Amino acid sequence: MTATTDVPVLENHKSTNNLFQSISTINTTSETLVSSSVECFHQLDQLVVVLQRTHSLCPSQPEFDLLHPLSEIVRKLVEQAGEHILTDRRNELNTVTPTNSRMRDRARDALSEPEFIEAVLRLVSRLMKLYMWTCQVFSGAIRKALSSTMNGDAGRFSPAMMLAAYIDNLLKGKFKRSEQEKEESLERCMLLFTMLSDKDVFAEVCRQNLSRRLLSGRSTSSELEKLVVCRMKSECGVNFTGKLVGMLTDVELAKSFEAEFVSHLQVWKQKELVATTTRMIDFSVKVFNTGFWPAQRTLGLKVPPVFEPYIRCFEDWYRGRNASHRLKWELSVGDAVVAMSIGSRKYDLVLSTPQAFVLCLFDNRTDPLTVSRIREESGFTDTDTLHRVLASLIFQKEKNILLKEPMIPKISETDVIFVNKFFHNRLRKFRIPLILLDDTNHAADKVSMLGATVNTDRKSLIQAAIVRLMKSRKILSHNELVAEVIHQLITFQPQKASIKFEIEKLIEKEYITRSNDDQTIYQYLP
């Protein structure tokens, strides 16, 4: 007996031979399709139609192998679309000229510019609507093509850094979107994260951005913050997100801790108001574990007299509760609301702590101060940060609380700084952000510092992987050890030369040794 199966009749295909001929034609002309000026996605849609027909014609006959030739075409088309996005990004940065003010302004904050990531997300959104996104053969080809885009050359900043910056802007609410739209965008961003080869670079930028959001209170949703961390944890494991989880936990614990201190502060204020002439201000402190948070730049700031009683109050209260803990004040990451009166006009200025400390030097003071005098009285040890603080208070339109002589963009030690008595702003309360004096150097320094941090962590991870493997296997050849280390490290792709260098270090530290019989064989030393 023979079984028969009804084969659906397809429009424009009278027989399977005609269908094979059509697929063969598409396969042999794939190079023409890829290089064609016709929009890539129109071609993808045409391929989806063919795919649906071939799949319904031969759903259970792998010997036809109709899907793989098409998947290769799709991969090339998606790669071409991704390369166009990368090329546009590089050309945009190279177009910056002194006369092109629009492009120059955009290049100043190139890391936070959303165009590159949004272009990739639009590409992903269109692909997700296609049938091939759910087909295993095609989804693998598409992910491979998207990975080449997300690990390609995008200019000054890598796609991993720009993706982290884009997520930062989403979570800070810079884009006007509903909660559902934000969640959908984050889900697609985290899909792009799975395609990154330098996941540790992404994680480090995310950690720094999360730190700034939490310390400044600019995060719009704790649930979305947890969503990002959860997706990173599911992709790379618990150890990969340990510091991020610790930071989120710290913030939750700090809220109850801060509330207790505020209650204590109210009682302390009542006593101080009767006994002394201490100026009454609102004062709050957040206490975090140093192990989870990024290291902050040391500025050497001197605390203005108005804050000293409150700092002593907190230290006495904290030591009474946690005598064994050591406090370290990070004055560079706080913020303050400073009330200012100029004539009959009153303003509330939202400032960073360094800005507030500098402005406190001019409280009830009529004489001007030189930059060197400000440095001496405020305690600044970082020249660049002091100049940024002064520039933010002097040069920003409608926010120039201070003026200087001579009134030129460059700040020098002999410049004279004084209060702008004619200051006017239509807003009663406004924020004065820090500005960048040298965008190129700042960007280069940022990338350099990030690279140093990531490289240090990578060395530790490589050494830990080597020791772990040798402890379990006892004896391994050089090639086997290198291959196993590369397989284990999923957060980045280590170079073979780096692995060899760390092996030599571990031999010096006597964790492992070479075999006497064969120098390419390593043995674990218990």
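The legends below describe close-up views of a predicted model. Residues are numbered from 1 along each chain as its sequence is written, and side-chain values use heavy atoms, without hydrogens or water. Local features need pLDDT of at least 70 and side-chain atom pairs pLDDT 80 or more, whereas totals for chains, interfaces and linings use all residues.

View 1. Strand E4 (residues 402-405) runs antiparallel to strand E5 (residues 416-419), and four bridges join them; strands are DSSP E runs of at least two residues, helices H or I runs of at least four, both numbered from the N terminus, and two strands pair if DSSP finds at least two bridges between them. Glu 405 has Val 416 in E5 as its bridge partner. A cis peptide bond, with omega about -5°, joins Glu 405 to Pro 406, and Pro 406 is placed in the loop between E4 and E5.

**View 2. Asn 364, a residue with positive phi.** Asn 364 is not a glycine, yet its phi is near 55°. The residue lies in the loop between helix H14 (353-360) and strand E3 (369-370). Asn 364 is exposed, with a relative accessible area of 74% (buried is under 20%, exposed over 50%, partly exposed in between; 1.4 Å probe, protein chains only).

**View 3. Lys 474, a residue with positive phi.** Phi of Lys 474, also not a glycine, is about 70°. Lys 474 occupies the loop between helix H17 (439-473) and strand E7 (475-477), and is partly exposed at 46% relative accessibility. Most residues other than glycine have a negative phi.
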